[in-house]
Amino acid sequence: LHLLDGQRIRDQILEIMHRNHIKEVKGTWMEEWHQKLHNNTTPDDVPICEAYIAFLRSGGDNGVYWRHLADNGLSRERLESYDRAIRCEPEFFADKASAL
């Protein structure tokens, strides 16, 4: 990902969060990924995004999320190793899933 693409994606995530009344709260997956994108955009962000989309489409199955990451060479340890680590599990918002 190019730095400007990362900034654009970060801004769009913020717009989606605000439009759906998802608070920017520390200790949530969405906020951790948002901060990672802001501070350390990498090519890993593409499969992370794909894993989150797969998670949403599955109705909130964390196994689908982790399987997609593993299939793309990403482990929990890798996510936790970023300068802005992703430590939380994604949250499923049933009433907002289609908008995310």
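This is a predicted model: local features need pLDDT of at least 70, side-chain atom pairs count only at pLDDT 80 or more; totals for chains, interfaces and linings use all residues.
Two residues are in contact when heavy atoms lie within 4.5 Å of each other.

Helix α3 covers residues 45–57, which makes 13 residues. Which residues of α3 are buried? They are Asp-45, Pro-47, Ile-48, Ala-51, Tyr-52, Phe-55 and Leu-56. An α-helix has 3.6 residues a turn, so residues three or four places apart point the same way. The cover over the buried residues of α3 includes α2 (29–39), α4 (62–71) and α5 (76–81). Just after α3 comes Gly-59, with a positive phi of about 85 degrees.

Next come the charged side chains. Side chains of opposite charge can pair when their charged atoms come close. How many salt bridges does the model have? The count is 3.

Asp-45 is among the buried residues of α3. Its relative accessibility is 3%, and it counts as buried because the limit is under 20%. Lys-36 is buried as well, with a relative accessible area of 0%.

Another salt bridge is formed by Arg-78 and Asp-44, whose closest N and O atoms are 2.8 Å apart. This pair links distant parts of the chain: Arg-78 belongs to helix α5, Asp-44 to the loop between α2 and α3, and 34 residues separate them. Are these two residues buried or partly exposed? Arg-78 is partly exposed, at 38% relative accessible area, whereas Asp-44, at 13%, counts as buried.

Helix α5 also holds Arg-76, whose side chain meets that of Glu-89 in a salt bridge of 2.8 Å, N to O. Here too the pair links distant parts of the chain, since Glu-89 lies in the segment after α5, 13 residues from Arg-76. Arg-76 is partly exposed, with a relative accessible area of 32%, and Glu-89 counts as partly exposed at 28%.

The last stop is empty space. Rolling a probe the size of a water molecule over the atoms shows where such space is left. The second largest pocket holds about 180 Å³. What kinds of residue make up its lining? The lining divides into 6 charged, 2 polar and 1 nonpolar. Lys-26, Gly-27, Glu-31, Glu-32, Gln-35, Asp-83, Arg-84, Ala-85 and Arg-87 line this pocket.

How values were computed. Residues are numbered from 1 along each chain as its sequence is written. Side-chain values use heavy atoms; hydrogens and water are left out. On a 1 Å grid over the protein atoms alone, a cavity is a set of points where a 1.4 Å probe fits but cannot get out, and a pocket is an open set with protein on both sides within 12 Å along at least five of seven lines; lining residues have an atom within 4 Å of a point. Grid points are joined across faces, edges and corners, and a volume is the space filled by probe spheres set on the points. Ala, Val, Leu, Ile, Met, Phe, Trp, Tyr, Cys and Pro count as nonpolar, Asp, Glu, Lys and Arg as charged, and the others, Gly among them, as polar. Helices (H or I, at least four residues) and strands (E, at least two) are DSSP runs, numbered from the N terminus. The expected span of a helix is 1.5 Å times one less than its number of residues. Buried means under 20% relative accessible area, exposed over 50%, partly exposed in between (1.4 Å probe, protein chains only). A salt bridge is a side-chain nitrogen of Lys or Arg within 4 Å of a carboxyl oxygen of Asp or Glu.
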